[in-house]
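Please find below a short note for a colleague who is new to this structure. The sequence and the model are shown first.

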Amino acid sequence: MRVGILGGGQLGRMLAIAGLPLGVRCWVLDPSPEAPARAVATHICADYRDRSALEQLVQAVDVITYEFENVPVESARALAELRPVYPPPRALAIAQDRLSEKTFFQSLGIPTPRFERVDTLEDLRNAVAELGLPALLKTRRGGYDGKGQYLMRGSDDIERAWGALGGVPLILEEHIAFERELSVIAVRSRAGECAFYPLIENHHREGILRRSLAPAPKTSPERQARAERYARAILEALNYVGVLALELFEHHGNLLANEMAPRVHNSGHWTIEGAVTSQFENHLRAIGGWPLGTTDSRGHCAMINLIGTTPSSEAVLKIPGAHLHLYGKSPRPGRKLGHITLCEPSEELLAQKLAQAQALLDSGTPAEE
Ligand code: AMP
């Protein structure tokens, strides 16, 4: 199977790596000459709207997917006329707009934080009156890793938040003082088979994912079942094929949907070593029309993102059982450069290894963490 991927970042790179033993070859379309996936895939270096590059991709591959959700929906739709494109471009269109995404969740009976559409300063005043403060003002499009967001604490913030973000379509969301953030990674095959990984507990700082624990500690089977029910509703409503991540807030015993990613997801990197089948392999199995692989975890796992700088590889590899993944990107503050995965037979052992890894990140190298 020859797979075309829109986007050639670390997600594309890990997809291509997962494809190699299955005989899958990947082509990535990415405008950056330094796209991390170029080390393991054929790189078409062009803009996502470049017609001749899209044509070249179509000629090279059997099926097309994406690893980056801000690719133009029109490009995905144009490609879908000529080759199967999975997940369906409609999933991309919904996920690109926070308002349509939350409206979609609600239409499926999936609870979300309360929200209001904001296009004018007057809308913002009305939305604050409706939802109260604190609240988060977010751009509907283009935000990622906490960018394009303004936390409004008091009514003085109305003008400030509008000054910072106004002029583009916005959404105001009530601020949820959640107990924790969770994600569920789901996959649906071309035959309609669904599989779900165990719930993942995610820790963010400054809007960026720092650490994931899987299976999420202290999670009841009921909580797992509810998350799966929500994810399944999305997969079925969209006739979805591939991996989908659904980010959730756990709050007063409820799960509230924050957003979905129609692609493999950072909170699923632990599955490479920590699950029987990785999210990357399962995405390829799904879009290739093959049976899905088992999603069980192999123990208690943690994934630590390496952000801004990386520690010495030798020091990481000295930690027994630690797995190091570097994405081949040049360092820059706030940039995801790699990750470390730890998998242990018990929570106690995992806590010990995590402490070792964290001590390493906190010392030695001038890590941004
Ligand atoms: P997002 O870009 O929507 O995923 O937001 C990035 C991070 O901001 C999330 O992972 C949360 O930590 C936080 N966040 C987003 N929306 C809310 C909300 N409505 N209430 C509280 N925290 C939020």
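1. Basis. The model is predicted, so local features need pLDDT of at least 70 and side-chain atom pairs count only at pLDDT 80 or more, while totals for chains, interfaces and linings use all residues. Residues are numbered from 1 along each chain as its sequence is written, and side-chain values use heavy atoms, with hydrogens and water left out.

2. Domains. The domain assignment (automatic or from a database) gives domain 1 as 2-85, domain 2 as 114-174 and domain 3 as 180-363. The centres of domain 2 and domain 3, taken over C-alpha atoms, are 29 Å apart.

3. Interface of domain 2 and domain 3. Four residues of domain 2 contact five residues of domain 3 (heavy atoms within 4.5 Å). About 290 Å² is buried between domain 2 and domain 3, with carbon and sulfur atoms giving 31%; buried area is the accessible area (1.4 Å probe) that two parts lose on being put together, summed over both. The side of domain 2 that touches domain 3 has no nonpolar, one polar and three charged residues (Asp, Glu, Lys and Arg count as charged).

4. Ligand site. Which residues come nearest to the ligand? Of the 15 residues around the ligand, they are Arg 98, Lys 138, Ile 176, Glu 181 and Glu 259 (a heavy atom within 4 Å).

5. Ligand atoms. An N or O atom in the side chain of Glu 181 lies 2.6 Å from a ligand oxygen, and a backbone N or O atom of Ile 176 lies 2.9 Å from a ligand nitrogen. A polar side-chain atom of Gln 149 is 3.0 Å from an oxygen atom of the ligand.

Key:
Polar contact = N/O pair within 3.5 Å; in protein donor to acceptor, adjacent residues only side chain to side chain.
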